Amino acid sequence: MIEKLKENLKETKTIIIKDLKNYGWGIILIILYLFLLETIFHGTCIFRLITSVPCPGCGLTRAMKSLLHLHFKKAFYYNAFIYPIVVMAFLGLTTRYIRRKKQPLWLYRLVIVVGFSMIFYYFYRLFSGSIVVIYDNIK
């Protein structure tokens with residue numbers, strides 16, 4: 001049983017290292033991009049910086065911080081789509097690194113449905129005047 005667990009951990013480590021080799025530069029470039037945006041423009045959303053209008057993903061970072069602090073209502077307030085996004089990320093990560101299988105087609109479809117739902121909900125809130133725009137800093 002312990003040998004099987006060690007073997008599984010070794011395989012998972014191999015997959016993670018392979019993924020870091022394949023996507024490492026992309027991850028570094030995204031981090032650099034976000035750092036430069038924050039340093040130069042004091043914000044990380046290029047959409048908001050250009051248009052002065054919040055984007056459909058506005059509030060996801062604050063929602064995730066609230067969720068990590070177990071403030072579920074506050075997370076929903078910042079961006080209601082944090083919950084399906086967390087569930088999809090969990091499913092994707094467990095499929096890739098624990099079950100070590102290819103992502104199922106239904107998960108890709110779910111990502112598309114949630115993405116379009118975010119956009120439709122965004123426009124509904126924008127044109128109904130009920131969009132929540134909060135630019136406070138949560139540390």
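Axes here are lines fitted to C-alpha atoms, for helices over the stretch in contact, and the angles between N-to-C directions run from 0 to 180 degrees. The exercises below apply this to a predicted model.

**Exercise 1.** Determine how helix 3 and helix 5 are oriented relative to each other, and which residues make their contact.

*Solution.* Begin with the geometry: the axes of helix 3 (residues 60-68) and helix 5 lie 10 Å apart, and the two helices pack at an angle of about 75 degrees. Angles of 65 to 115 degrees count as roughly perpendicular, and helix 3 and helix 5 are therefore roughly perpendicular to each other. Next, identify the residues: helix 3 contributes Leu60, Ala63, Met64 and Leu67, while helix 5 contributes Ile82, Tyr83, Ile85 and Val86. Finally, sort them by class, which gives eight nonpolar residues, no polar and no charged ones.

**Exercise 2.** Work out the relative direction of helix 5 and helix 6, the handedness of their crossing and the make-up of their contact.

*Solution.* The axes of helix 5 (residues 82-98) and helix 6 (residues 105-128) come within 11 Å and cross at roughly 160 degrees. Since an angle over 145 degrees counts as roughly antiparallel, helix 5 and helix 6 are therefore roughly antiparallel to each other. The crossing of helix 5 past helix 6 is left-handed. On the helix 5 side the contact involves Pro84, Ile85, Met88, Leu91 and Gly92, and on the helix 6 side Trp106, Leu107, Leu110, Val111, Val114 and Met118. By class, these residues comprise 10 nonpolar, one polar and no charged.

**Exercise 3.** Examine the loop between helix 5 and helix 6 through Gln103 and Arg100.

*Solution.* Start with Gln103, which is located in this loop. A polar atom of the Gln103 side chain lies 2.9 Å from the backbone oxygen of Gly92. Apart from neighbours within four places in sequence, Gln103 contacts Leu91, Gly92, Thr95, Arg96 and Tyr108. In one of them, the side chains of Glu11 and Arg100 meet at 2.9 Å, N to O. Because Glu11 belongs to helix 1 (residues 2-41) and Arg100 to the loop between helix 5 and helix 6, the pair ties together parts that are 89 residues apart in sequence.

Methods. Residues are numbered from 1 along each chain as its sequence is written. This is a predicted model: local features need pLDDT of at least 70, side-chain atom pairs count only at pLDDT 80 or more; totals for chains, interfaces and linings use all residues. Side-chain values use heavy atoms; hydrogens and water are left out. Helices (H or I, at least four residues) and strands (E, at least two) are DSSP runs, numbered from the N terminus. Angles under 35 degrees count as roughly parallel, over 145 as roughly antiparallel, 65 to 115 as roughly perpendicular and the rest as oblique. A crossing is left-handed if the near helix is turned anticlockwise from the far one by less than a right angle, and right-handed if clockwise. Contact means heavy atoms within 4.5 Å. Ala, Val, Leu, Ile, Met, Phe, Trp, Tyr, Cys and Pro count as nonpolar, Asp, Glu, Lys and Arg as charged, and the others, Gly among them, as polar. A polar contact is a pair of N or O atoms within 3.5 Å; within protein, one must be able to donate a hydrogen and the other to accept it, and residues adjacent in sequence count only if both atoms are side-chain atoms. A salt bridge is a side-chain nitrogen of Lys or Arg within 4 Å of a carboxyl oxygen of Asp or Glu.
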